[in-house]
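Dear colleague,

I am handing over the structure we discussed, and I would be glad if you could read the notes below alongside it.

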Amino acid sequence: MEFNEVIRNRYSCKKYDTERQVDEQQLLAILEAGRMAPTAKNLQEQHIYVVQTAEALAKVDQCTPCRYGAPTVLVVAYDQTNVYTYPTAKGPETDHRKSGTEDAAIVATHMMLAAANEGVDSCWLNCVHIDDLHAQLGLPENEEILMLLDLGYAAEGAAPLANHFSRKPLEETVSRI
């Protein structure tokens, strides 16, 4: 698919075909797109957990109402001990911004767009009880979950939300200085 089509046509799918699992080759292409995403200092601190078993999906369902029947969920996490700390001009006593959250978000965005390119529907989830999910899945203590990415194929009748294609004009979101 042409890139502009991908970014214009993808939407947050909220109704999946529960009987159809994501094709393994498509899943690998999606995961590879995440692996190729840029990260600060190329630390690649992301860790992606592929959730597909009924047992693991049930754990996800205990922590979010937003799986929408997706047969695959990617848990996007990052290693908090392997992030870049940005220098600040305010001195060492101030909080320093770290790269983990933004790097994991870039990885997730790459995977979301790759999914659309592969013909796989997705939904970015951040309505999640992160600490509960972390414990339920038994993730390492040094990893922090950023978000979940539902993956699957839209069920019959699935469509973008009514306001999906509504966008502010560039003049309202961009300034030249």
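Predicted model: local features only at pLDDT ≥ 70, side-chain atom pairs only at ≥ 80, totals over all residues.

Residues are numbered from 1 along each chain as its sequence is written, and side-chain values use heavy atoms, with hydrogens and water left out.

On the cysteines, the structure holds zero disulfides, a disulfide being a pair of cysteine sulfur atoms within 2.5 Å. For C63 the closest cysteine sulfur is that of C127, and because the two are 11 Å apart, they are too far for a bond. The sulfur of C127 has its closest cysteine sulfur in C66, at 4.3 Å, which is also too far for a bond. C63 counts as buried, at 2% relative accessibility, while C127, at 45%, counts as partly exposed (buried means under 20% relative accessible area, exposed over 50%, and partly exposed in between, with a 1.4 Å probe and protein chains only).

C63 also belongs to helix α3 (residues 54-63), which packs with helix α5 (residues 130-137) at an angle of about 160°, the axes being 9 Å apart. That angle makes α3 roughly antiparallel to α5, a label used for angles over 145 degrees, where under 35 is roughly parallel, 65 to 115 roughly perpendicular and the rest oblique. Angles run from 0 to 180 degrees between N-to-C directions, and axes are lines fitted to C-alpha atoms, for helices over the stretch in contact. Helices (H or I, at least four residues) and strands (E, at least two) are DSSP runs, numbered from the N terminus. The contact, meaning heavy atoms within 4.5 Å, is made by K59, V60, Q62 and C63 of α3 and by D132, L133, Q136 and L137 of α5.

L57 lies in helix α3 as well and is buried, with a relative accessible area of 8%. Neighbours within four places in sequence left aside, L57 is in contact with V51, Q52, R67, A70, P71 and V73.

Finally, S122 lies in strand β3 (residues 121-125) and is buried, with a relative accessible area of 2%.

Best regards
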